Amino acid sequence: SMSAWLFEVFEALFALALAPGLVGLIRWIKSRLQSRLGPPPWQPYHELRKLLRKEVVVSHNASWLFRAAPYVVAASTLAGGFLVPLIVVPRRFDMIGDLFVVVYLLLLGTFWLALAGLDPGSAFGGMGASRDVTVAALAEPTTATAIFSLALGAGSTNLGAIVVATMNHPSTVLTPGHLLAFAALFVVALAETGRLPVDNPATHLELTMIHEAMILEYSGKYLALLEWAAGLKLFLFLSLLANLFFPWGIATRFTPAALAWALATLLLKLSAFAVVLAVIETRVAKLRLFRVPELLTASFVLALLAITSSFLLR
């Protein structure tokens, strides 16, 4: 029905609205764990509002690609938000795209951001772009492989169908393939969203920057779009971890009570992941750059083992 389509549009806009708050919540929890007062969880909203009001400064060496990249990154990430199951399954948008579409929509944003980092000709941008492409080359196949191991059991690559299959057979959550896939996707989520131990979102040290190096030349509304898209990407990855592997609470009926319960459980699961990320980033140091491919290769091996386990235990 038309109301179901409209609700799924609302889901994507809800993720877009809540993404900066999730980033702020992680920062606030980290501050508390480090015995600091820290900014409030809603601080990213103030930062975005400030950036949207600021003047845009663009290098004379930058081309149209530099100006177009923030819009492409934001649009591709938001398009991925329409396909990730958040509150209700099955979804009408499942007929439009599946896990491969989601993976390559996110990869499209990474590709354009790397081009934008190279475009002005700055040393930092080129360095960050080369590092980000290296991470993406190892992380994107792992994402597809990890989720595909779940698709084998569901008989479909649609994310909504995978969630429904897991809800119908809850015992699969404790199978080796499921746990291996979760571990692989969790490591990839850290890498793709620029979190420790792969990248440090709170630093501008040239020897350690990856994501921050590519957006160093941006300002004003362009920087606001990129920061917002980065927060939305984190929101989507944590939602995939929460709903693909722990789908309890997601609504399967289009009723107010079921939708309200699904929304509450989603917020609870995202808050739990925010605590986990804050603890990891407080307790773990950043890896040396040449060790990052080793970590991502290990996550890819875990994803392959998850597929092998799914084949053997079918």
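Analyst: Let us begin with burial: a residue counts as buried when its relative accessible area is under 20%, as exposed when it is over 50%, and as partly exposed in between. The model shown here is predicted. Ser149, found in helix H5, has a relative accessible area of 3%, so it is buried.

User: Which residues is Ser149 in contact with, leaving aside its neighbours within four places in sequence?

Analyst: Ser149 is in contact with Ala181, Ala306, Ile307 and Ser310.

User: Is Pro201 buried, partly exposed or exposed?

Analyst: Its relative accessible area is 29%, and Pro201 is therefore partly exposed. Pro201 lies in the loop between H7 and helix H8 (211-214). Not counting residues up to four places away in sequence, Pro201 touches Gly194, Arg195 and Glu212. Pro201 and Glu212 are 11 residues apart along the chain, and their C-alpha atoms are separated by 7.0 Å.

User: How should I read a nonpolar core?

Analyst: In soluble globular proteins, nonpolar side chains tend to be buried together. Here the largest nonpolar core has 60 residues, of which Leu159, Ile162, Phe235, Leu238, Leu241 and Leu244 touch the most other members. Among the elements giving two or more residues to this core are helix H1 (2-33), helix H5 (123-154), helix H9 (220-245) and helix H10 (256-283). H9 gives the most, with 11 residues. As for Leu238, it touches Leu22, Leu270, Phe273 and Leu277, not counting residues up to four places away in sequence. A second, separate core of 20 residues includes Leu51, Ala129, Ala224 and Ala229.

User: Which residues of H2 are buried, and what do they pack against?

Analyst: Pro44, Leu48 and Leu51 are buried in H2. Because they cover an arc of only 65 degrees around the axis, they are on the same side of H2. The buried residues of H2 pack against H1 and H9.

Terms used. Residues numbered from 1 in each chain as written. Predicted model: local features only at pLDDT ≥ 70, side-chain atom pairs only at ≥ 80, totals over all residues. Heavy atoms only, no water. Core = buried A, V, L, I, M, F, W, Y, C linked by side-chain atoms within 4.5 Å. Buried < 20%, exposed > 50% of the residue type's maximum accessible area, 1.4 Å probe, protein only. Helix = DSSP H or I, 4+ residues; strand = E, 2+ residues; numbered from the N terminus. Contact = heavy atoms within 4.5 Å. Arc of directions from axis to C-beta.
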